Amino acid sequence: MADVSRTRRRQAVRLDEEFDRAAGRYDLLTRLNPGYHASLKAAATDLVRSLPTGHLTLWDLGCGSGLSTGALVEAAGPQARIVGLDASAGMLAQALAKDWPPGVSFVHAPAQELPAVAAAEVDGPADGVLAAYLLRNVHAEQRDEVVAAIVDQVRPGGWVALQDYHVKGDRRAAFTWSAVCRLVVTPLAAITRGNPAIYAYLRRSVLDNDSTAELEGRLRRAGLTDLRRSTPRGWQRGILHTVLARRPLEGEVV
């Protein structure tokens with residue numbers, strides 16, 4: 001068991017380093033991805049609309065270069081308290097270089113350390129959590145644990161929004177995803193002097209990621225309810241999915 005844990009830590013470090021190398025060109029490549037920013041905005045907007053009005057406290061897990069953080073600021077307003085968390089120092093450096101309202105801050109830590117980070121960064125449970133493209137980068141055997149930790153940081157009645165690529169069990173979606181990676185994403189990474197290794201990893205990680213049914217099962221096991229799922233139009237239809245789920249109120253029968 002100790003050997004397995006050491007192996008996972010080494011793999012996590014290598015993945016963080018690959019994201020560090022890709023950080024300088026990440027925003028450029030996302031601008032070349034049709035629908036990327038619109039989908040982030042839609043997820044953030046759906047999350048915030050599910051919450052009561054007022055000064056919200058939100059987590060942005062796997063915030064990367066701050067694109068999802070920006071979507072949350074736009075949806076929740078500059079008065080919101082938003083904490084972005086990411087394991088890549090290079091991606092966070094890109095985020096920190098941008099202008100943010102006073103309530104926005106960033107933490108360098110993996111999602112597995114959320115409970116310890118939350119105790120230092122947030123006074124009580126948050127109203128909501130956005131996690132875009134996060135769980136795919138967590139070892140499958142740790143995903144239930146991470147989901148449970150996320151739920152623990154959301155107040156009763158709060159909402160969680162998860163956005164990612166899920167193609168397992170859908171031949172058409174898997175074929176389309178692989179074709180786009182080989183014919184578009186990888187060549188663009190090379191042309192823009194990005195880090196091709198991270199985009200090769202992107203292709204594999206999506207093919208290996210949870211199916212939507214597996215993800216929803218994890219959310220239900222963690223006690224979340226009122227699940228609703230959406231997928232955008234265009235080439236990402238049936239590939240990119242956003243799932244929203246609510247933490248029940250205390251004493252609520254679900």
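Predicted model: local features only at pLDDT ≥ 70, side-chain atom pairs only at ≥ 80, totals over all residues.
Biologist: At what angle do helix α2 and helix α3 pack?
Modeller: Helices (H or I, at least four residues) and strands (E, at least two) are DSSP runs, numbered from the N terminus, and axes are lines fitted to C-alpha atoms, for helices over the stretch in contact, with angles from 0 to 180 degrees between N-to-C directions. Helix α2 covers residues 36-49 and helix α3 residues 67-76, and their axes are 8 Å apart, at an angle of about 45°. Because angles under 35 degrees count as roughly parallel, over 145 as roughly antiparallel, 65 to 115 as roughly perpendicular and the rest as oblique, this angle makes α2 oblique to α3.

Biologist: How are α7 and α8 oriented to each other?
Modeller: The axes of helix α7 (residues 171-191) and helix α8 (residues 196-208) come within 10 Å and cross at roughly 175°. The two helices, α7 and α8, are therefore roughly antiparallel.

Biologist: Which residues of α8 meet α7?
Modeller: Contact means heavy atoms within 4.5 Å. On the α7 side, the residues are Ala174, Trp177, Ser178, Cys181, Arg182, Val185 and Ala189. In α8, they meet Pro196, Tyr199, Leu202, Arg203, Val206 and Leu207.

Biologist: Which residues of α9 make the contact with α6?
Modeller: Helix α6 (residues 143-152) and helix α9 (residues 212-221) pack at about 50°, with their axes 9 Å apart, which makes α6 oblique to α9. The contact joins Arg143, Asp144 and Val147 of α6 to Arg218, Leu219 and Arg221 of α9.

Biologist: How much space lies in the largest cavity?
Modeller: On a 1 Å grid over the protein atoms alone, a cavity is a set of points where a 1.4 Å probe fits but cannot get out, and lining residues have an atom within 4 Å of a point. Grid points are joined across faces, edges and corners, and a volume is the space filled by probe spheres set on the points. A search of the whole structure finds 1 cavity of 30 Å³ or more, and the space in the largest cavity is about 80 Å³.

Biologist: Which strand gives the largest share of the lining of the largest cavity?
Modeller: The lining includes Ala131, Tyr133, Leu162, Asp164 and His166. The largest share, 3 residues, comes from residues 154-165, which form strand β5.

Note on methods: Residues numbered from 1 in each chain as written. Heavy atoms only, no water. 1 Å grid on protein atoms, 1.4 Å probe; cavity = no way out; pocket = protein on both sides within 12 Å on 5 of 7 lines; lining within 4 Å.
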